[in-house]
Amino acid sequence: MSESAKLHDRRLRAVAQGVGSVTSSYVSHGRGATVVDVDGREWIDFASGIAVTSVGHADPRVVAAVQEQVARFAHTCFMVAPYESYVAVCEQLNALTPGTFEKRSALFNSGAEAVENAVKIARHVTGRPAVVVFDHAYHGRTNLTMALTSKAMPYKHRFGPFAPEVYRVPMSYPFRDGLDGLDGPAAAARAIDVICKQVGADNVAAVLIEPVQGEGGFIVPAPGFLPALAEWARGNGALFVADEIQTGFCRTGDWFACHDEGVEPDLVTTAKGIAGGMPLAAVTGRAEYMDAVHPGGLGGTYGGNPVACAAALATLETMRVLDLSAAARRIGTVLTSRLGALGLSGEVRGRGAMVAVEFVLPGSLVPDPGRTQAVARACLRDGLLVLTCGTYGNVLRLLPPLVITDAQLARGMAILEDALRATAG
């Protein structure tokens, strides 16, 4: 019996069945863009822990920073005895996130926590209850963020009732909006019409959106969609909140996806790529909004843990030194050009190193989740970690570490292309 098989047997007797995994192989170690399992088998990593390890596995700066910090102290709780690294991370977030206005930040543990706190801030500031979200959205697995999330299975099924005052409106989905001829402003007008009719502008605390949707299928809205929504929110006293948890920190070819169209959110939520694999998240926003909440209204025992903050500072340094925004753009060019040359039935889309293929049955828009799963299984078998996503389960998503070498990228693409050819027809 292999070592992974032994571990999997232990898992079945110890870990709740509700916790799923892409593979039954168990990781021993990783370096850069590769992971190795306990039996010595190596994979090219096109998943990055769901966009977390953007600076690669075991980045030297992150490793050194974590080791140094944990040897000094691992925890005090910033709300009890504060420390410099928390302040330094907030300073960097205030400088890097979109917008030239004065900002403040607060640190948390996970993306879902960041989203929940952004909603708290928006409701506190506006005195309004309603939160507007979009079709295909994913914002987390806590009770409130399940309500904000669009997809029922596996995220919401039999977990209700959910938090109230959440309203869902149509997303700009160019691949599926094509028959209606909706450009970005027209798609925004459609969503705004639903808000005005079904919610009422005066009731909206926040318009919450992923600038490029993640779990929903790497949906890139048509140009003009985000600016129009942001303008409407500002004109109607609501906060425009960008969920940059998956898109942030160089992943889309800019520090943040909102930079692409010059959108300046009132609040930005971040997590995933911020700390090289350590759990950390944040809400960053206009100073007058962030400071409106009473002292003690934001926080948490582990939020902004010093080890995670040390990892974040090292991660941000690596991103700057290696210019990982430019690296993401180069990776995206390779992925989209090679995939586009295959004549796939569906759409290749994304931005930077956040690329997806939506599979449909030939000559239609009917989702083809069967082929999506078959491609993912073939890749895994042949040494490439990939992920699936999408409301219809028919999207293959690619999120390689931004430090991946040209040779590793070429090897991974060769495995993917073989899998695509093998599952065609």
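1. Ground rules. Residues are numbered from 1 along each chain as its sequence is written, and side-chain values use heavy atoms, with hydrogens and water left out. In this predicted model, local features need pLDDT of at least 70 and side-chain atom pairs pLDDT 80 or more, while totals for chains, interfaces and linings use all residues.

2. Cysteines. The structure has 0 disulfides (cysteine sulfur pairs within 2.5 Å). For Cys-309, the closest cysteine sulfur is in Cys-90, 7.4 Å away and too far for a bond. For Cys-379, it is in Cys-389, at 14 Å, again too far. Cys-309 is buried at 0% relative accessibility (buried is under 20% relative accessible area, exposed over 50%, partly exposed in between; 1.4 Å probe, protein chains only). Cys-379 is also buried, at 0%.

3. Aromatic pairs. The whole structure holds 7 (ring centres of Phe, Tyr or the six-membered ring of Trp within 6.5 Å; planes under 30 degrees apart are stacked, over 60 edge-to-face, the rest tilted). Phe-134 is buried at 0%. Phe-225 is buried at 0% too.

4. Another pair and a cluster. Phe-249 and Phe-256 are edge-to-face, at 5.1 Å and 65°. Both are buried. Ring pairs also link Phe-73, Phe-78, Tyr-83 and Tyr-86 into a cluster.
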